[in-house]
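Here is a short briefing to read alongside the model.

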There are 2 protein chains.
Amino acid sequence: METTIHSVRNPRVKLAIRLRDRRGRRQQHRIIVDGLRETTRAIQAGVRPIELFVCPPLLTESDQTELENSLNAAGVHAATVSREVFDKLAFGDRSDGVVMVAAEPRAQLTDISLPADGLVLVLESLEKPGNLGAIVRTADAAGAACVIVADAATDLFNPNAIRASAGAIFRVPLAAAAAQDVRDWLQAHQVTTYAAHVDAAIPYTAITFRGRCAVILGSESSGLSEEWRAPSVVSVAIPMLGIADSLNVSVAAAVFCYEALRQRQAGISPPHGIR
Amino acid sequence: METTIHSVRNPRVKLAIRLRDRRGRRQQHRIIVDGLRETTRAIQAGVRPIELFVCPPLLTESDQTELENSLNAAGVHAATVSREVFDKLAFGDRSDGVVMVAAEPRAQLTDISLPADGLVLVLESLEKPGNLGAIVRTADAAGAACVIVADAATDLFNPNAIRASAGAIFRVPLAAAAAQDVRDWLQAHQVTTYAAHVDAAIPYTAITFRGRCAVILGSESSGLSEEWRAPSVVSVAIPMLGIADSLNVSVAAAVFCYEALRQRQAGISPPHGIR
């Protein structure tokens, strides 16, 4: 490791601190990754660090070893920083001594290669980066093919999204696009499309997740827009027996993803399959 | 409505502000409920307000009507407060003009009446109130019988839990108890118990949620303790195909709750049912 950086006026540090704001990330086309787990997963997924700031007193011995192995494997050098500098770089109390700066990953529809049985999650106008991260983490675990944000109301690589994804955001194919482009893409790829509407007559358990499927979920505040009601789109609902008129969007995503995985792993078709 | 309260030194306001801290809630045995939806659902669920503070300029006209109907039905009087006073009472930017103070609801195991086919969610050492709230919201929607927090590491009626539950926390039977008392209670009520361990050999899809069942989930940071490995407890796992070694606890709860509901609504037994 190099000489310790002690000044928050160090130009590399100043540039990195600006990445805490969306404006800074947009100007620099860079992202900032907080945390050892997130950083090592990003590097494992092929993300190349531009900067890697480490505050050794904050790292446990085993974390230090894990980090060094990961850095050596990737041929990456870390810069050590003082506690004061680190506190400016990292998110307050959630930090564990590692912050990485990297180029913003590409997230274009054209980059996504969709398998023949790929499950696609489309999130329309999603607002909360924490929900995006949680959904990506679930999508990774449940084997979904990709996550697409339509008409995004947050930036994909917001530090909260990265953190909530536990690093899975660097592994799951991800794209942001205008909603109409997403609809065109789904059609071009012959994806059977299910839109989650709370008032739909068909429960999600009655559908068979066969071949290429997409599940479209609406935003936290206003649900799914009416543009997703079309002859080519099947409206489906998750049953809700209680007082609430909606589920948390990351919970809804999990219910869909794991029902698809259940059906696929068991080779089961539900008794009332509509396809 | 009464005269508007303009001073943050008003004794009723001062007492309510202290409820933002856990210490204040513990001292007063009271809770503070933020938001119109949460407040009306609490009142509908039988919670009696001790104080109800309203800041009319923050309420939309339809919100005002909804609130008045709800208050009239419950015979409750609201105190109007100035914007300055309200800002001290409420959680910053998430507020919509209504804050309620109520007695802390009871949450004892002995209060829970478990139906013959009740699904019980047990959360061990849960740390984040937001996760508790999200789980309660899902439990309500999926028709779970109750949520029990074992060895709680957060207070049940933390404002973040109330908010994340969208008010469902006042409707779903809820209890906090020592983990050993929870195990005794499950045994006494002849509840078939499934403990979620990431390394379990049996997938959750292979079990049949028949009769009284409990699903035990561990904390965000350390998973489930070894005390839940016992001959009377079946260890089950949610399959994870990606890089992550765990799911978000509220996602795991949703996957279990909705698989139980799916089986019960369809009358299906999975092909590899172990019971």
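The buried residues of α8(A) pack against β5 (119-124), β6 (146-150), β7 (174-177), β8 (192-196) and β10 (213-217) of chain A. Contact here means C-beta atoms, placed from the backbone, within 7 Å; helices (H or I, at least four residues) and strands (E, at least two) are DSSP runs, numbered from the N terminus. This is a predicted model, in which local features need pLDDT of at least 70, side-chain atom pairs count only at pLDDT 80 or more, and totals for chains, interfaces and linings use all residues. Residues are numbered from 1 along each chain as its sequence is written, while chains are lettered from A and ligands numbered from 1 in the order in which they are written.

**Helix α8(A)**
- In α8 (residues 179-188) of chain A, the buried residues (20 or more other C-beta atoms within 10 Å of their own) are V182(A), R183(A), W185(A) and L186(A).
- They sit on the same side of α8(A), because they cover an arc of only 160° around the axis, taken from the directions from the helix axis to the C-beta atoms.
- Q180(A), Q187(A) and A188(A), on the other side of α8(A), are exposed (12 or fewer such atoms).
- After α8(A) comes Q190(A), with a positive phi near 50°.

**Where the chains meet**
- Chain A and chain B each bring 31 residues to the contact.
- On the side of chain A that touches chain B, α6 (129-142) and α9 (249-266) of chain A are the elements giving two or more residues.
- α9(A) gives the most to that side, with nine residues.

Methods:
Contact = placed C-beta atoms within 7 Å.
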